Structures are given as structure tokens and as C-alpha cells.
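Reader: Could you take me through this structure? I would like to begin with what one of the terms means.
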Amino acid sequence: GATLTYQSSGTQTVPLSDVWSSSDGSTWTQVTPTAAWGPRQGQAATVDPTKAKIFLMGGLRWGDRTYLNDVWSTEDGITWTLVMANAQFGGRWLHTALIFQGNMWVVGGMRCGAQQAGSTNGVYEETSGACSEVNQQAGHFYRDVWVATQGGAKWDL
């Protein structure tokens, strides 16, 4: 299996786009240092064993602080294909993804203080990027569940 990771350096977070693989959880091999989906953090990934693919979705692109709602897939961890640039579930990070009953699911997550990909609303209220208690109460946490069909190309609430 492959894992997607980012690394923290001191007190500053440094998002990565590297992909690592291990057959035993003890010895790890870097599959690629820079995947096509680019540096991000808080993304979700899941494996579809029936299609032998890993799917990655969403997260926060650190450089321009944009919440993403893209969906990527790979069969080998090296070559990534963009399945959908702007999925209906909206830009988010710290969400969960899973495969259940043959469908891909996105559950919850949050947004706070950055732009949402594909949004015409621009910047959210909190421009510092900090998710304050006020913002959390204002509904910046998603409490929704989305399900994908067509290999991640169609999403429904």
C-alpha cells in the first residue's frame, strides 16, 4: 500500500506531495518526491481494492491558501490522473474519505480563512488562516456526507 504524507519542520508546517510505499509498515520506500497533485495538507485518501486504485481528494494548498475539491487517482503511486478538478463536495481539508458498498464517500472536514477552489465568494471571513472558536461556531465545519459514482467523476449529497 501507499501512504501520502506531509512533514512538519519545527513550528512551521511544510506541505509535501511525496508518496511512500511499504509492504510491512516498517520499511518505507519513496515512490515519488513530487506527485502531480502538488503540495497540500489535510487531504484525504482512500483505496478502491476492486479498481486497484488510490484516490486522493481535497486538502489545503498552502502557497495560495486555497481549499481544494479536486479528485486524483493512481494505480502505482507514481502516475496520478486528475479525475475531477472541482467536485461538488466543495473545497475542504481535514475530511475523511472511504470506500463503502462500492462507492467512494467524503465525510465532514472544514474550511477557514482561505479561498475555496472554484468559488466566486473569494476569501472567507477569517483571513489569518486561524480557525477561531467564533469561526467554528459560524459553520466552517462541514457536517455533510457525499458519495461518488462513476469512479469519482460524479458526486451527490
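Author: A polar contact is a pair of N or O atoms within 3.5 Å; within protein, one must be able to donate a hydrogen and the other to accept it, and residues adjacent in sequence count only if both atoms are side-chain atoms. By that rule, the side chains of Thr50 and Asp48 are joined by a polar contact of 2.6 Å. This is a predicted model, in which local features need pLDDT of at least 70, side-chain atom pairs count only at pLDDT 80 or more, and totals for chains, interfaces and linings use all residues. Residues are numbered from 1 along each chain as its sequence is written, and side-chain values use heavy atoms, with hydrogens and water left out.

Reader: Where is Thr50 found?
Author: Thr50 lies in the loop between strand 6 (44-48) and strand 7. Strands (E, at least two residues) and helices (H or I, at least four) are DSSP runs, numbered from the N terminus.

Reader: Is Thr50 buried or exposed?
Author: Thr50 has a relative accessible area of 70% and is therefore exposed. The cut-offs are under 20% for buried and over 50% for exposed, with partly exposed in between (1.4 Å probe, protein chains only). Its C-alpha is 8.2 Å from that of Gly102, although 52 residues separate Thr50 and Gly102 in sequence.

Reader: Changing topic, how many helices and strands does the protein have?
Author: There are 1 helix and 14 strands. Of the 157 residues, 41% count as buried.

Reader: Which residues touch the most other members of the largest nonpolar core?
Author: They are Met57, Val71, Ala87, Phe89, Met104, Val106 and Trp155, in a core of 13 residues. Strand 7 (53-61), strand 11 (103-107) and strand 13 (145-149) each give two or more residues to this core. Such a core is a set of buried Ala, Val, Leu, Ile, Met, Phe, Trp, Tyr and Cys residues joined through side-chain atoms within 4.5 Å. A second, separate core has 7 residues, including Val19, Ile54, Leu56 and Trp80.

Reader: What is Phe89 in contact with?
Author: Leaving aside neighbours within four places in sequence, Phe89 is in contact (heavy atoms within 4.5 Å) with Met57, Asn69, Asp70, Val71, Val106, Trp146 and Trp155.

Reader: And what is the strand order in the open sheet of 4 strands?
Author: The order is 10-11-13-14, with antiparallel pairing; two strands pair if DSSP finds at least two bridges between them. Strand 10 (96-100) and strand 14 (154-156) each have a single partner strand, so one side of each is left without a neighbour in the sheet.

Reader: Over how many bridges do strand 10 and strand 11 pair?
Author: Strand 10 and strand 11 pair over 5 bridges, and Thr96 stands opposite Val107 in strand 11.
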